[in-house]
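Subject: Structure handover

Hello,

Here is the structure we talked about handing over. Please have a look at it first; my notes on what turned up follow below.

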Amino acid sequence: MVKTLAALTVSLCLAFPAVAAQSKSDTKKPVRPAWSELTPAQQKVLAPLSTEWEGMDATRRKKWVAVAERYPKMKPAEQQRLQKNMADWAKLTPAERKAARDKYQTMKKLPPEKRREVASQWRQYQQSLAAQPESDPSAPPEPQSAETPAATGPATAGAPAPAPQ
């Protein structure tokens, strides 16, 4: 009888947490605000994120709603930048988003001087891209002449020249 009572007690102790966990997952509240709960103005501002909205947690949704509330007070250039950044973010894969978040956290931990240095390097890079002529991606690459080396640039800088044949 004691063994049976002990076995029953142990099985009940093991069963109740499993039942409690199951009931919590069954009664999980939907993350708020739902897309349908946003105002038309918020939906318009956050439109690039509409397909991602259902997968966002409550914290991220609240942050985006706060951004949408500040949007009317932004300058037109800031509004355009925000819209472009949201559209770019929506195009990223989950792995690319995680990498971006990780990089942001890494940058945030850098000392201010190092952050300024990295920001300066980024601006220089962006300026060098802007200075390059736009090329048509559908146009075939220009053929290289026999005198033009096939591999040039930083990857081969400092490498010995090939021996003449």
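**A helical pair to start with**

R116 and E113 sit three residues apart in helix α6, about one turn of the helix. Their side chains meet in a salt bridge, 3.1 Å from N to O. R116 is exposed, and E113 is exposed too.

One caution before the rest: this is a predicted model.

**Overall make-up**

The protein chain has six helices and zero strands. Along the sequence the pattern reads α-α-α-α-α-α. Of the 165 residues in the chain, 12% are buried. The accessible surface comes to about 14100 Å², and carbon and sulfur atoms account for 61% of that. Take the contacts between residues at least 6 apart in sequence: 37% of them join residues at least 24 apart.

**Salt bridges**

Two others deserve a look.

E52 forms a salt bridge with R97, and the closest N and O atoms are 3.2 Å apart. E52 lies in the loop between α2 and α3, while R97 belongs to helix α5 (residues 94–109), so this pair ties together parts that are 45 residues apart in sequence. How accessible are the two partners? E52 is partly exposed, with a relative accessible area of 25%. R97 counts as buried, at 11% relative accessibility.

E37 pairs with R32, with the closest N and O atoms 2.1 Å apart. E37 counts as partly exposed at 39% relative accessibility. R32 counts as exposed at 51%.

As background, side chains of opposite charge can pair when their charged atoms come close.

**The nonpolar core**

The largest nonpolar core has 14 residues. Which residues have the most contacts inside it? They are L38, V45, L46, W53, L82 and M86. Helices α3 and α4 each supply at least two residues of this core. The largest share, three residues, comes from α3. In soluble globular proteins, nonpolar side chains tend to be buried together.

Setting aside neighbours within four places in sequence, V45 is in contact with A68, Y71, Q83 and M86.

**Around Y71 and Q79**

Y71 lies in the loop between α3 and α4. Y71 is buried, with a relative accessible area of 16%. Leaving aside neighbours within four places in sequence, Y71 is in contact with V45, Q79, L82 and Q83. Two of these, V45 and L82, are also on the list of core residues with the most contacts. For a distance check, the C-alpha atoms of Y71 and L46 are separated by 10.0 Å, and the two residues are 25 apart along the chain.

Q79 lies in helix α4 (residues 76–91). Is Q79 buried or exposed? Q79 is buried, with a relative accessible area of 19%. Not counting residues up to four places away in sequence, Q79 touches Y71, P72 and M74.

**Aromatic pairs**

How many aromatic pairs does a search of the whole structure find? Two.

W35 and W53 form an edge-to-face pair, 5.5 Å centre to centre, with 70 degrees between the planes. W35 lies in the loop between α1 (2–26) and α2 (40–45), and W53 in the loop between α2 and α3 (58–70), so the pair ties together parts that are 18 residues apart in sequence. W35 is buried, with a relative accessible area of 19%. W53 is buried as well, with a relative accessible area of 0%.

W122 and Y125 form the other pair, which is tilted: 5.5 Å centre to centre, 35 degrees between the planes. They are three residues apart in helix α6 (residues 112–131), so about one helical turn separates them. Y125 is partly exposed, with a relative accessible area of 43%.

W122, Y125 and L129 form a nonpolar patch on the surface. Together they have about 330 Å² of accessible area.

Best wishes

Key: Residues numbered from 1 in each chain as written. Predicted model: local features only at pLDDT ≥ 70, side-chain atom pairs only at ≥ 80, totals over all residues. Heavy atoms only, no water. Phe/Tyr/Trp six-rings, centres within 6.5 Å; stacked < 30°, edge-to-face > 60°. Helix = DSSP H or I, 4+ residues; strand = E, 2+ residues; numbered from the N terminus. Buried < 20%, exposed > 50% of the residue type's maximum accessible area, 1.4 Å probe, protein only. Contact = heavy atoms within 4.5 Å. Patch = residues over 30% accessible without salt bridge, like charges linked within 9 Å, V, L, I, M, F, W, Y side chains within 5 Å. Areas by Shrake-Rupley, 256 points an atom, 1.4 Å probe, with all protein chains shown as cover. Salt bridge = Lys/Arg side-chain N within 4 Å of Asp/Glu carboxyl O. Core = buried A, V, L, I, M, F, W, Y, C linked by side-chain atoms within 4.5 Å.
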